[in-house]
Amino acid sequence: MTKQKVTIFWFRRDLRLEDNTGLFHALQSDFPVVPLFIFDDDILEHLPKNDARVTFIYDSLEKINSELNKLDSSILIKKGKTKDVWESLIEEFDIQSVFFNKDYEPFAIKRDNAISSLLKENNIESFSFKDHVIFEEKEITKADGLPYTVYTPYKNKWLEKYHLSGSAPEYDSAPFQSNFAKDKFKFPDLAEIGFERSSIKVQPHNLTQIAHYKETRDFPALDSTSYLSPHLRFGTVSIRKLVNWANRKNQTFLSELIWREFFIQILFSFPNCVNHNFKSAYDGIQWRNNEEDFKRWCSGTTGYPMVDAGMRQLNETGYMHNRVRMVVASFLCKHLLINWQWGEAYFAEKLLDFELASNAGNWQWAAGTGCDAAPYFRVFNPEIQQKKFDEKGEYIRKWIPEFDFGYAEPMVDHAFARDRAIATYKKGILK
Ligand code: FAD
C-alpha cells in the first residue's frame with residue numbers, strides 16, 4: 001500500500017489552532033497537514049498518575065480535536081519515547097516535512113536537535129519557528145552582543161524593538177484550514193495514556209479583572225491578576241495577541257510579560273542557572289537544609305500565616321499568588337536557610353504554571369543568588385508582608401480555616417532568623 005504523503009505539525013507547548021506560527025506555515029505546505037501530539041514517556045514517567053498538568057494538556061488537546069473535527073480532520077495522539085514515536089511515524093507516513101515551534105528549555109533543545117537529525121537522516125526537512133515569545137534568544141542583546149542580565153535595560157531595549165515594529169504579527173490560519181489532512185484518528189482516553197483525571201483544575205484566564213492591575217496586583221485576596229500563567233506555559237493563548245492587547249491597555253501588565261521573556265532568555269543563555277547559583281560567589285553559603293523544617297514549609301505549618309496560607313493554596317490548587325510566592329520563597333531561603341533548589345523542585349512538582357525559566361529565575365531572585373536578584377540582606381518579614389498585603393486577613397482565612405481558633409506559634413523567631421540569615425550569607429559570599 002502506498003503511504004500517504006503528508007506534512008506533520010508537531011504540537012508541544014502551543015496547544016491552540018489560533019495564531020500559531022508553526023501551524024500557520026505548515027498549512028501552506030504542498031501536502032495535507034497531520035496535527036500531532038506526543039505524550040513523551042521520558043517526561044510522563046516522573047509524574048504522579050493524577051498530575052493536574054497532564055489533565056490540562058489532555059483537555060486542551062480534546063478541544064483542538066473537536067475544532068479539527070468540524071474541519072473533517074483530527075489530531076494524531078501518540079505516546080512513547082519521542083524518538084521511538086518519530087521512528088514509527090516515518091514508517092507509517094511518507095513525511096514530506098515537519099513543522100514545530102521552538103522550545104527554549106535545555107531538555108527540549110536536546111530533544112529537538114535529536115529529532116531534526118533523525119528526520120534529516122531520512123531526507124525529511126524540518127522547520128522550527130519562534131512562537132512562545134515575542135523576542136527570542138539573541139534578539140535583545142547589549143551593544144556588545146552579550147545577553148542582558150539586568151531586567152530594566154533589557155525591558156527598555158525590548159520595548160524599543162517592539163515599538164519599532166509597531167506590534168507583534170498575528171498569524172491567522174483560517175484561510176488555509178482546508179489543508180488539514182482528512183484522517184479520523186482515534187482520540188484516546190486519559191487512562192490509555194496511563195493517567196487519571198485530577199481534581200485540580202486550571203482556572204480560566206481573565207483579563208477583565210486586571211483593570212486596576214498596578215494598584216491591586218499585590219493583594220492576594222483581591223483576585224486581580226490574570227491567571228494566564230498555565231495558559232502561557234502550554235500555549236493555549238497566544239503571547240502575540242496578549243502583548244498587543246497589553247500594550248494598548250496596561251503597561252504594568254506588559255512589564256510582567258516582559259519579565260517572563262527576560263527569564264526565558266536568561267535560561268537560554270545560561271542553562272546552568274537551573275541547578276547552579278547564577279552568581280557563583282554565593283556558592284559558599286552554608287545552607288542548613290533541615291529536612292523537618294522543609295516538611296513544615298511544604299505542608300504550610302510554619303506558624304507564619306502568610307507563608308502557610310500560600311503553601312496550602314499551592315498544595316490544594318496548584319497555584320499561588322505572586323506576592324505570596326515571594327514571601328514563601330524568601331522564608332525558605334532566608335529564615336530556614338534551605339537551598340533555593342529544594343523550593344524550586346517543590347514548586348516544579350506542584351505548580352500548574354511551572355515554567356523552568358520563570359521558576360528558577362524567580363527562586364534565584366528570592367534567594368539573592370540570581371541575576372538582578374533581591375539583595376541578600378533583604379529578608380521579608382512575613383508578619384509585615386501580611387499586614388501590608390492582607391490587612392484584614394481575608395486571604396489567610398481562606399486557606400487556614402483554623403486561623404481564628406488559636407494559631408500555631410512561629411517555628412522560628414523572625415529577628416533571630418533574620419540575623420542568622422544575614423550572618424550566614426555574609427560569611428558564605430566569596431569575595
Ligand atoms: P499576572 O500577574 O496576571 O501576570 C501575567 C503574566 O506575566 C504571568 O502569567 C506570567 O507569564 C508573567 N509574569 C508575572 N510575574 C512574573 C515573574 N515574576 N516572572 C516571570 N513572569 C511573570 N511564573 C510562572 O509562569 N511559572 C513558574 O514556575 C513561576 N515560578 C515562580 C516562583 C517564584 C518563587 C516566584 C516568586 C514567582 C514565580 N512565577 C512563576 C512568577 C509569577 O508568580 C507567576 O507568573 C504569576 O503569579 C502567575 O499568575 P498570573 O498569571 O495571574 O499573573
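Trainee: Where does UniProt place the photolyase/cryptochrome alpha/beta domain?

Mentor: The unreviewed UniProt entry puts that domain at residues 5–134. Keep in mind that this is a predicted model.

Trainee: How much helix and strand is there over residues 5–134?

Mentor: That stretch is 42% helix and 25% strand. Its end C-alpha atoms lie 33 Å apart.

Trainee: And what is the average pLDDT of the chain?

Mentor: The average is 96, and 100% of the residues score at least 70. As for the model scores, ipTM is 0.99 and pTM is 0.97.

Trainee: Good to know. On to the helices: at what angle do α9 and α10 cross?

Mentor: Roughly 145°, with the axes coming within 7 Å. Here α9 covers residues 239–249 and α10 covers residues 251–269.

Trainee: Is that crossing left-handed or right-handed?

Mentor: The α9 and α10 crossing is left-handed. From α9, the contact uses L242, V243, A246 and N247, while α10 brings F253, L254 and L257.

Trainee: How many of those residues are nonpolar, polar or charged?

Mentor: The contact of α9 with α10 has 6 nonpolar residues and 1 polar one, with no charged residues.

Trainee: What about α6, how does it pack with α10?

Mentor: Helix α6, residues 151–165, packs with α10 at about 110°, and their axes are 10 Å apart. Angles of 65 to 115 degrees count as roughly perpendicular, so α6 is roughly perpendicular to α10.

Trainee: Which residues meet there?

Mentor: On the α6 side you'll find Y151, Y154, K155 and W158. They meet S255, I258, W259, E261 and F262 of α10. The classes in this contact of α6 with α10 come to 6 nonpolar, 1 polar and 2 charged.

Trainee: Changing topic, how do the axes of α14 and α15 cross?

Mentor: They cross at roughly 145° and come within 10 Å. Helix α14 runs over residues 340–350, and α15 over residues 356–367.

Trainee: Which hand does that one have, left or right?

Mentor: The crossing of α14 past α15 is right-handed.

Trainee: And what's in the contact?

Mentor: From α14 there are W340, G343, E344, F347 and A348. Facing them in α15 are N359, A360, W363, Q364, A366 and A367. Sorted by class, the contact of α14 with α15 holds 7 nonpolar, 3 polar and 1 charged residues.

How values were computed
Residues are numbered from 1 along each chain as its sequence is written. This is a predicted model: local features need pLDDT of at least 70, side-chain atom pairs count only at pLDDT 80 or more; totals for chains, interfaces and linings use all residues. Axes are lines fitted to C-alpha atoms, for helices over the stretch in contact, and angles run from 0 to 180 degrees between N-to-C directions. Helices (H or I, at least four residues) and strands (E, at least two) are DSSP runs, numbered from the N terminus. A crossing is left-handed if the near helix is turned anticlockwise from the far one by less than a right angle, and right-handed if clockwise. Two residues are in contact if their C-beta atoms, placed from the backbone, lie within 7 Å. Ala, Val, Leu, Ile, Met, Phe, Trp, Tyr, Cys and Pro count as nonpolar, Asp, Glu, Lys and Arg as charged, and the others, Gly among them, as polar. Angles under 35 degrees count as roughly parallel, over 145 as roughly antiparallel, 65 to 115 as roughly perpendicular and the rest as oblique. UniProt positions are given in the numbering used here, feature names are shortened, and annotations may be inferred rather than shown by experiment. pLDDT is the predictor's confidence in each residue, from 0 to 100.
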